[in-house]
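The following note sets out numbered remarks for a colleague reviewing this model. Please read them alongside the sequence and the coordinates.

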Amino acid sequence: MEQRKNNIFTSDIEIPEIVQQKAACAFSQIRREKVKNMDQNVIELKPEEKKNKNGKRGTVLRKVVAATAACAVLATAVGVGDFYLKSREPVTESADAQENTNAMNTNPFVLKVQAAGLDGNESRELERGIPVAIDVSAVSWSIGGDEEGNSDYCINLPLSCEGENIERITYSINKGAFQIVENENASIIVSGNELSERLEVGQVGGHYDEENGGECSYPVSVKYYTDFTLDYTCQSSETTWINMCNEVKISDYNLIWGENRTSEDLQQGYQELIDGLVITCTVHFTDGTYQSADLEVGTVVTTAKEAGFDDAGDADTEQVLFIFERK
Amino acid sequence: MQKNELADIVKKATCKDAEAFTQLMQFYMKNMYRVALAILMNDEDAADAIQETILTCWEKIGTLKEVKYFKTWMTRILINHCYDIRKKSVHTVDLQEWEEPVAEDHYNLEWKEALASLDKKYGIVLTLFYSEGYHISEISRMLKIPPSTVRTRLQRGREQLARYYEDTQADVRYRKRTQTERSK
């Protein structure tokens with residue numbers, strides 16, 4: 001018994017997944033800080049822009065896109081094809097930044113986003129420094145609010161990972177939660193940390209079945225996670241929607257819903273909703289190692305013409321889009 | 001990892017080499033987990049404490065005076081974070097509001113059961129002494145308690161653990177005997 005008692009303190013233990021995940025988040029934060037300090041390509045803002053933006057994120061991107069004159073055009077977020085901000089050159093990574101990213105594993109993996117306008121399962125790769133717009137058509141996002149500025153958002157997140165020897169993928173979010181809407185009897189979520197209470201946000205997903213009087217033909221479950229894990233071989237399904245959501249108080253209701261709002265107003269409103277939002281994707285390899293990538297969510301004001309995609313509507317109409325940028 | 005190799009990595013980490021720092025913290029991950037679990041008794045809180053410790057260590061690594069004291073320094077930071085988390089979670093919860101934890105704790109069950117059998121103050125002392133190999137004087141400084149208190153807690157912790165294992169063995173013998181009697 002003495003031997004067994006002593007052995008319990010020296011025997012090997014297994015690190016739980018939740019510990020690994022939270023440690024990975026911390027390492028990822030450290031790497032981000034390190035890369036930011038070394039990044040030589042940060043574009044300095046003009047003094048007037050700094051004043052107007054109140055130090056909000058997304059202003060670097062705002063400057064890079066060719067700015068149109070402020071106008072009273074109502075920006076509409078419509079289903080758009082994917083596009084790159086072509087005027088921006090990819091950020092050149094320093095050797096150290098590259099090394100830091102691969103500190104835990106040398107296996108590469110790519111993150112992809114499925115944007116509107118692409119066929120079937122086609123996706124666009126998220127490359128460092130190149131923002132990509134995600135589908136914000138009317139069926140894949142929901143933004144609500146009241147006159148006191150209490151707002152909420154729920155935006156579909158069509159992300160996927162590709163690589164060799166990947167076993168599982170974990171997504172974590174630093175603000176709000178993931179809303180997972182899926183067939184209760186066919187969940188693809190392997191594990192996750194569920195929020196103890198529901199968020200008061202809109203719901204994105206769940207088939208509307210006309211033949212069934214509007215009711216979905218299968219039981220729908222809606223859950224909220226701060227992080228969740230998927231099997232690599234089963235990252236999506238027709239009956240699963242993975243969305244990012246949060247309840248946020250914005251400074252002025254009229255930024256988003258005001259009748260006379262400008263594109264800049266709308267962008268500021270949207271930016272306040274997702275300010276500082278980062279999604280971390282951790283890829284777990286079959287050999288037990290893992291690697292993480294951070295995706296910053298931002299906004300951009302652009303036109304279809306500037307962005308280089310065909311828009312069935314007016315190519316010169318300003319639009320405010322949500323974008324992902326891999327750091 | 002060899003001592004020299006470890007010392008080199010610590011030196012690099014103190015110069016804010018993120019890769020070296022990551023490697024260092026990964027090397028000590030199991031140590032941190034053991035200590036955090038001994039205080040907090042659940043994986044979720046232990047994960048939070050470890051996360052906070054990694055960030056604090058990164059922030060303050062420039063203040064580390066001697067490379068050879070890195071582990072002790074890190075463990076002290078971890079213990080402080082564990083106590084902070086424990087303080088925050090000590091509150092009265094209405095039974096009607098309490099919900100069972102969603103995630104199941106499957107890891108290291110025997111270790112957790114053994115820790116659960118001990119008074120909170122004994123578990124951490126036994127862990128630091130037997131698992132982490134600290135001397136009584138080091139444990140005394142880390143936990144800010146006199147060395148005599150460390151010795152007392154070690155002894156009482158050992159006694160409690162011995163009783164736990166005796167009871168466990170007795171339980172097994174009782175079940176076997178009962179099964180045997182029923183099968184007659």
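1. In this predicted model, A:E296 has a relative accessible area of 13% and is therefore buried, the cut-off being under 20%. Its side chain meets that of A:K327 in a salt bridge, at 3.7 Å from N to O. The pair brings together distant parts of the chain, 31 residues apart: A:E296 lies in strand β13 (residues 290–303) of chain A, and A:K327 in the segment after β14 (318–326). A:K327 is partly exposed, at 37% relative accessibility.

2. A:K327 also forms a salt bridge with A:E325, where the closest N and O atoms are 3.4 Å apart. A:E325 counts as buried, because its relative accessibility is 6%.

3. A further salt bridge joins A:R168 and A:E17, with 3.7 Å between the closest N and O atoms. This pair too links distant parts of the chain, since A:R168 belongs to strand β7 (residues 166–173) of chain A and A:E17 to helix α2 of chain A, 151 residues apart. Both partners are buried: A:R168 has a relative accessible area of 19%, and A:E17 has one of 17%. Salt bridges with shared partners connect A:E17, A:E167 and A:R168 in one network. Over all chains, the structure holds ten salt bridges.

4. How much area do chain A and chain B bury between them? The value is about 3500 Å², of which 67% is on carbon and sulfur atoms. Three residues, A:I8, A:F9 and A:I13, account for 21% of the area that chain A buries against chain B, more than any other three residues. The contact draws on 32 residues from chain A and 37 residues from chain B.

5. The polar side of the interface should be read with the area figures. Two salt bridges are found across the interface of chain A and chain B. A salt bridge is formed by the side chains of A:D12 and B:K30, at 2.9 Å from N to O. Between chain A and chain B, seven residue pairs are in polar contact, with both residues at pLDDT 80 or more. On the side of chain A that touches chain B, α1 (2–10), α2 (17–38) and α5 (95–101) each supply at least two residues.

6. On chain B, B:S131 is placed in helix α7 (residues 120–131). Is B:S131 buried or exposed? B:S131 is buried, because its relative accessibility is 16%. Apart from its neighbours within four places in sequence, B:S131 contacts A:F9, B:R34, B:W111 and B:L126.

7. Chain A contains eight helices and 14 strands. Of its 327 residues, 51% are buried. Among contacts in chain A with a separation of 6 or more, 75% are between residues 24 or more positions apart.

8. The mean pLDDT of chain A is 70, and 64% of its residues reach 70 or more. Over residues 40–103 of chain A, pLDDT stays under 50, although the model has 133 contacts beyond four places in sequence for this stretch. The pLDDT is also below 50 over residues 116–120 of chain A, a stretch with ten contacts in the model beyond near neighbours in sequence.

Conventions:
Residues are numbered from 1 along each chain as its sequence is written. Chains are lettered from A and ligands numbered from 1 in the order in which they are written. Side-chain values use heavy atoms; hydrogens and water are left out. Contact means heavy atoms within 4.5 Å. Buried area is the accessible area (1.4 Å probe) that two parts lose on being put together, summed over both. A salt bridge is a side-chain nitrogen of Lys or Arg within 4 Å of a carboxyl oxygen of Asp or Glu. A polar contact is a pair of N or O atoms within 3.5 Å; within protein, one must be able to donate a hydrogen and the other to accept it, and residues adjacent in sequence count only if both atoms are side-chain atoms. Helices (H or I, at least four residues) and strands (E, at least two) are DSSP runs, numbered from the N terminus. pLDDT is the predictor's confidence in each residue, from 0 to 100. Buried means under 20% relative accessible area, exposed over 50%, partly exposed in between (1.4 Å probe, protein chains only).
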